[in-house]
Structure formats: structure tokens, C-alpha cells
Amino acid sequence: MKILLGVFRKDINYYVVQDNGIVLTETDPADTYLPNYASVKLRDMMINSDQSVKDGDGVFDFRYGPVTSGVGEAGIYHLYTYGERILSVSIDLSYKHRNIQNRMVGLDLKSGLKMAESICGNFAFSHSLAFSKAVESAIGVNVDSKSQRLRIIALELERIYNHLYVIYQLAQTASQKVLTSHLSYLFEESLRLNKKISGSRYLKNFNDIGGIKNFDEKTLQDLKTDVQKIVNEFKDLYEWALESGNFLDRLYSTAILKSSDAMSLGITGPTLRASGIREDLRYNDPAYENLNIPIKEEGDALSRMEVRAEEIFESQRIIFNQIENFDAEINAETTEKGFGYCESPSGTMVYKIDLESQNISDVYIATPSLFAFKGIANSLVGNIFTDFQFAVESFGVNFADAAL
Amino acid sequence: MKWWPTKGMKRFLTEMDNYPSKATVKSMNIFKRSIHIYTIDVGNSNLLNFEIKALQSAQYNTHRFGIYFADSPRHADLLIVLGSPTKNMIEPLMNTIEQMPKPFGILIVEENDEMDLELPNVVGRLKNPEPSDILGAILKIMERN
């Protein structure tokens, strides 16, 4: 089960591959992930620009973005519709392109870390963690156990607020006014909790290369009750939401992504697990114990919401586990030199960094959102326009993360 | 037992000075009773979009101040520009500003980079704000705090 996540070139092509919870580089591609190769290699800012069903009598290019309240971010969806049915979708990422990979070359490590955090605000900690893991393995720094546990806690906090946000957006799209208000409240509470722990609502400037310093361990007990409160409230809401027929009707069998398509497109994270594939980087990390990460089979918007909701409960369990064992030693996961990755809320985040006298001489970044946009384009085919918002929101991705 | 006959009632019970703002903004008091806002993302890291979503959450309850979020720039009194523009977004931004009905104001909200586009009618500029800072600035523009 190999998933191709990136291709970068030194003297020959290197392939970044995820395989059963590990990310590694290979030099010769196996046939299984070749369908993905061309788009990964080119890193085109236009997804599906060569779709064949664009033209024809009555086919209308529904251009959605970059300035519209429906999309919210700077990017364009071209929906090619015939009547109501969507025939194909192409997505233009270039409006968010900030040329970050090139701008990062030549920076020192501190400003590199800062730039990694500002690629995508809501995955700031995942970016920061993957970046610092890559640098640590390149210069050979050992991270102490407490910092490792704090990093796991922060990563799960990020997962909680991102998943809450996705379900909040889905509820809003389905006009579930009461659920939306309650979830918006929990979303803001989780951001305030982040600030209490790290000093930043989006866990920025918290992680550092070599570990997390200046952390007051007394706040961990408060954290436990705060997380418990948010997750308990969410649990009640989620149980009520699953009883609401007209909410479920909008999600069930909307924007189905088949597991074979998900694999060949390079999709990771909750979206892949909602298509029935057991794949998560946390499985292979010795720091996690007794993982029970949810998997659903259908691959529709409802499955993706279920996976995210149940991951919130799992995140709470992981945070509690880490706080209880806070003083115990753990073994760090070893990675290839200059290679760092982590399971972000929406999938695998990979950094490949080469250093030259403490400066970044080369960097390759693979983010989950780029692949998920291909998944959105794939899953929307055959649906109608009113399903569009559910498809986009249920993948939980954004242009800032996809267009580096 | 009613408490307000003895303790007294202010007219806006829920609008005590909760959101003071230190930002320097130009006030537009014609929008004192209601203001409609359109937000445009021109290339921020999605963090500011999240802050705007958080501002619409139950804790802030912006409707009590008469602050509404419009779905089109043609319905808006205040344009909030999020981030500093990428090359491709400059033209859509200028087109959006052309669509705003007069009088209108522009509130620039930035992250790390500074924007120097010489936009018209800029009423304020915030850097790395939290939702309460954005709300405070809007209330100051409305002359409500």
C-alpha cells in the first residue's frame, strides 16, 4: 500500500512515499502509484487543467471564486456543468501562490521555522513540527521526552480545533442553526484553550528546534479539565446531530471518494480513513499507545464527518494518556536524514531539508491539501452544484496549504 | 422580582465596554446603528480567515452591535482586506473595491508582511489581531465604544 506524496530531483529523481505508517524516499517508482506521478512531479497550480469533458454543447463553465462568499479563500473552482450535473472540476490554486519553497532557501533555521508556521495558519503546529523534525534529523539533535510528549499534545489540540471547525462548517452548510451556534462556541473555546497553553491561538511560536522550552508543567492539569469539558460538550452535540434526519440526508452519499481513487491520488489523513483504508503515521510512532483511530467504509461526506468526530474523542484519550505518563521516557521515532513528517489534522505533512552551515540550502514540502483538492475534483463528478459546499468542507483543506 | 427598577437599566444592556480598542481608525459615524461587512482574502495563511470565522461565533455575538457579514461587496459598507496580496489577487481586489457602494471604508488586517497598495478610503490597519481586536476596531469605526 504505497502512496506517492512527492517527487524531488537531486541528481536523479527521488520519490517521497508513504508506506504503512512510514514516510521514506525511493529511487525507482513502483507501478502502484504511477497514475499520480505526472501531477506530483509538475506541481501545477491548476488541478485537472486537461479534463476532456470541458467543451460541448450546453456545457457551462461555472467559475466559482476567487472573490465570493461561498469559497472564502483566494482560489477558483471551475465547475463544468451540464444542466445541474457536474461533469468535471478544475481548480486554480495560483491566486494563493506565495512562492514559499523558493523563499525558504537561504534562510537560517529560526526564520525558516517562522516561515513554515506561516504557510498555513490552521496547520501551523503540524508545519512547525515537521520542519523541526527534519532539521533535528539533519543536524542530529535529540529531543527530550517531555518535549516529545508536549508536541503530541499540541498536535492533538490542533486536530481537535480543526475537526471542530470542519463539523461546524458542515452544520452551517446544512443550515443546522442550533448545531452551528453550539459548534462555533466550542471552536472559539478550543482556540482560547490553545492560547492558554501556548500563548498563541494557533499554537505558533510554541515549538522550537530541539524541543519545547519555557513550558510551565502546572498548566497540564488545567488542560485536562478544559479538554474534557470541550469534548464532553461536543459528544452531546454529536449524538444529537446524528439523530437529525435532514442533516444526515445532506451528507449521506454526497461526494463519494472510492478507496482506489484515494490511494492513487495520494490522499492521506481522515479522508483516506473514511474510504476504508487503515493508514496513519501515528501507528508507527512508539510514543502513542493503544491507538484506536476510527475507520469508515463509505467514503462519502458523512463518513468523513464521522471519522473526524470520532478522532476528537481519540485525541482526548491521547492527550490524557500523554499527561498521565508525562514523566516517563519514550523512544523517538527515527527518520531518514533531513526528513521530517507528522500526521496533520488533514493528512501527511512532509519536509525534506538540506542544510549548509546552519542555513537551508534546499527544501521540499509535501502538504495534504494539494492531494485533497484532487480528491474534491474527483469526488464531485456526477454530483450536483448544491453538493459542492459539502464536498469542499468535508475534506477540511485550504488553498493556503495547497499553494505553497 | 425585577431588578432594573432598583438598580437601573442602561439602554444597551449587552454592550458594556467589553471591547476597548487601541487601534487608530478613522470613524464613520453614519454606520453607527448598523454596518455590513464583506471580507476578502487576498493571500493570507488562512489564519485570518479562521479569526473572522471565530468572530462570527456565539461568544462575540456581533449582531447585537448591528454588525452583519454580507455575501457580496455590493451589499457592504466596510471591506476587510485579509493579508497582503499575492500577485494574482491585486486585480480582483481592485475590482472588488470598485463594486463597493459609496461611502465605504476599508479595514486592512495583516499578518507579517506590510501592504503598500495605496487603497482608497482606508479607515484602519490591524496587525495580527485576535477577534476581540477586530471587533473593537469595528466598534471604534462605528463610534460605539
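This is a predicted model: local features need pLDDT of at least 70, side-chain atom pairs count only at pLDDT 80 or more; totals for chains, interfaces and linings use all residues.
For β5(A), 6 bridges make the antiparallel link to β6 (residues 76-82) of chain A. Within the sheet, Tyr64(A) stands opposite Tyr77(A) of β6(A).

Of the 10 residues of β9(A), 7 are buried, so the strand is largely enclosed by the rest of the structure. Burial here means 20 or more other C-beta atoms within 10 Å of the residue's own. Strand β9(A) pairs with β8 (residues 339-344) of chain A in the antiparallel sense, over 6 bridges. These two strands form a hairpin with 2 residues between them. Cys342(A) stands opposite Met349(A) of β9(A). Strand β9(A) also runs antiparallel to β10 (residues 359-366) of chain A, and 7 bridges join them. Here Tyr351(A) has Ile365(A) of β10(A) as its bridge partner. The hairpin of β9(A) and β10(A) likewise has 2 residues between the strands. In this hairpin, Ser357(A) takes a positive phi near 45°.

Helix packing was examined next. Two packed helices are described by the angle between their axes and the distance between the axes. Helices α4 (residues 124-139) and α5 (residues 145-173) of chain A pack at about 145°, with axes 9 Å apart. Their crossing is left-handed. From α4(A), the contact takes Phe125(A), Ser126(A) and Leu129(A). These meet Arg151(A), Ala154(A), Leu155(A) and Glu158(A) of α5(A). By class, the residues of this contact divide into 4 nonpolar, 1 polar and 2 charged.

The contact between the chains takes 26 residues from chain A and 24 residues from chain B. On the side of chain A that touches chain B, helix α6 (residues 177-198) of chain A gives the most, with 6 residues. That side of chain A has 11 nonpolar, 10 polar and 5 charged residues.

How values were computed. Residues are numbered from 1 along each chain as its sequence is written. Chains are lettered from A and ligands numbered from 1 in the order in which they are written. A residue is buried if 20 or more other C-beta atoms lie within 10 Å of its own, exposed if 12 or fewer, and partly exposed in between; C-beta atoms are placed from the backbone. Helices (H or I, at least four residues) and strands (E, at least two) are DSSP runs, numbered from the N terminus. Two strands pair if DSSP finds at least two bridges between them. Two residues are in contact if their C-beta atoms, placed from the backbone, lie within 7 Å. Ala, Val, Leu, Ile, Met, Phe, Trp, Tyr, Cys and Pro count as nonpolar, Asp, Glu, Lys and Arg as charged, and the others, Gly among them, as polar. Axes are lines fitted to C-alpha atoms, for helices over the stretch in contact, and angles run from 0 to 180 degrees between N-to-C directions. A crossing is left-handed if the near helix is turned anticlockwise from the far one by less than a right angle, and right-handed if clockwise.
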